[in-house]
Amino acid sequence: MLSMMYLLSILGLASVAVSAPNAVKRAQTVYLAGDSTMAKASGATQGWGEYLKYSLSLSVSNKAIGGRSSRSYTVEGRFQAIVDIVQPNDIVVIEFGHNDGGGLSTDNGRSVCPGAGSETCTSTYNGQTVTVLTYPAYLINAGKALVAKGAKVIISSPTPNNPWESGTFSYTPSRFTTYSKSAAGQIGSNAMFIDHGQYTANIFQTLGKTKVDSFFPNDHTHMSPAGADTVNRAFVKAVLCAGGGFLNGFIKNSTNSVEGTCI
Ligand SMILES: *[C@@H]1O[C@H](CO)[C@@H](O)[C@H](O)[C@H]1NC(C)=O
């Protein structure tokens, strides 16, 4: 009798152990890492990341911060903070580029080391000698650390500055678009590239100068809420056109219902 109870208790424990994975099953979270064009703002401008939640059946945690670059987001431990909290199958969208350019002769703590690979620069920032990596290196380091935790990574090219500001439409992707694509490829199959900049530019071209100028109330980079919402919809369109990628099954919209054309 005693041994029977012992056996039953072992079976009971075994069934608890088997069902445990179901007990911890959870909805994925989408984390956003980027700069002011993605971050929550207030007043005349807004970041596009604030609108993504309306198109997804997943919760969105917008960790973008104004003024940051791939470098300063790394150095401040902000990628690491996401690495620390991601769960398997969470999705992290990474979009930088507006603060990554410029040179290191007067180091502002944001500019990256020029180059597409593993080259490094030695610089002086805040009176300290620092080693600065390239833009792809910062994204690859973050992406690989996130993937090691079981997350999926979407590397997104930066939003365009107002492509109508000269009077006629002109969009030339910055080098950070090429670098974003190459970084996604080097992170591997748990990363994908979304050409957010090109999708946005194409929609801005269709909308025309008057409309698009109204999206940029302060300068040629930061957008009004309506502009940011358009930029967000360009992101959703780009992901849908890529078959949904890691967001497949979690997007509320059909490809055709979202403005823009697949490229
Ligand atoms: C997707 O559908 C939702 C719900 O109807 C809507 O709020 C959202 O704006 C749509 N997203 C896009 C990108 O059209």
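I count two residues as in contact when heavy atoms of theirs lie within 4.5 Å. With that in hand, I looked up Trp48: leaving aside neighbours within four places in sequence, Trp48 is in contact with Thr37, Met38, Val93, Glu95, Thr159, His196, Ala228, Val231, Asn232 and Phe235.

**Ground rules.** This is a predicted model, where local features need pLDDT of at least 70 and side-chain atom pairs count only at pLDDT 80 or more, while totals for chains, interfaces and linings use all residues. Residues are numbered from 1 along each chain as its sequence is written, and side-chain values use heavy atoms, with hydrogens and water left out.

**Overall.** I started with the secondary structure, which comes to eight helices and seven strands; helices (H or I, at least four residues) and strands (E, at least two) are DSSP runs, numbered from the N terminus. The C-alpha trace spans about 90 × 50 × 35 Å along its principal axes. Of the 263 residues, 45% are buried; here buried means under 20% relative accessible area, exposed over 50% and partly exposed in between, with a 1.4 Å probe and protein chains only. I also checked contact range: among contacts between residues at least 6 apart in sequence, 68% join residues at least 24 apart.

**Cores.** Which residues touch the most other members of the largest nonpolar core? I found Val30, Trp48, Leu52, Val93, Ile154, Phe235 and Leu247, out of 35 residues in this core. A nonpolar core is a set of buried Ala, Val, Leu, Ile, Met, Phe, Trp, Tyr and Cys residues joined through side-chain atoms within 4.5 Å. Two or more residues of this core come from each of strand S1 (29-34), strand S3 (91-95), strand S7 (191-194), helix H6 (196-207) and helix H8 (225-241). H8 gives the largest share, eight residues. There is also a second, separate core of 30 residues, and Ala33, Val112, Ile155 and Tyr179 are among them. As a reminder to myself, nonpolar side chains tend to be buried together in soluble globular proteins.

**Thr29.** This residue is found in strand S1. Is Thr29 buried or exposed? Thr29 counts as buried because its relative accessibility is 11%. Beyond its neighbours within four places in sequence, Thr29 is in contact with Ser59, Ser61, Asp90 and Ile91. I also noted Val92, which is 63 residues from Thr29 in sequence and 8.4 Å away in space, C-alpha to C-alpha.

**Ligand.** Tyr54, Ser55, Arg233, Val236, Asn253 and Val258 are the residues around the ligand, each with a heavy atom within 4 Å of it. In the side chain of Ser55, an N or O atom is 2.8 Å from a nitrogen atom of the ligand. At Asn253, a polar side-chain atom lies 2.3 Å from a ligand oxygen. I use polar contact for a pair of N or O atoms within 3.5 Å. On its own the ligand has 360 Å² of accessible area, and the protein covers 58% of that; such areas come from the Shrake-Rupley method with a 1.4 Å probe.

**Positive phi.** Asn89 has phi near 75°, a positive value in a residue other than glycine, and lies in the loop between helix H3 (78-85) and S3. Asn89 is partly exposed because its relative accessible area is 38%. Asn126 has phi near 55° and lies in the loop between strand S4 (120-125) and strand S5 (128-133). At 66% relative accessibility, Asn126 counts as exposed.

Conventions
A polar contact is a pair of N or O atoms within 3.5 Å; within protein, one must be able to donate a hydrogen and the other to accept it, and residues adjacent in sequence count only if both atoms are side-chain atoms.
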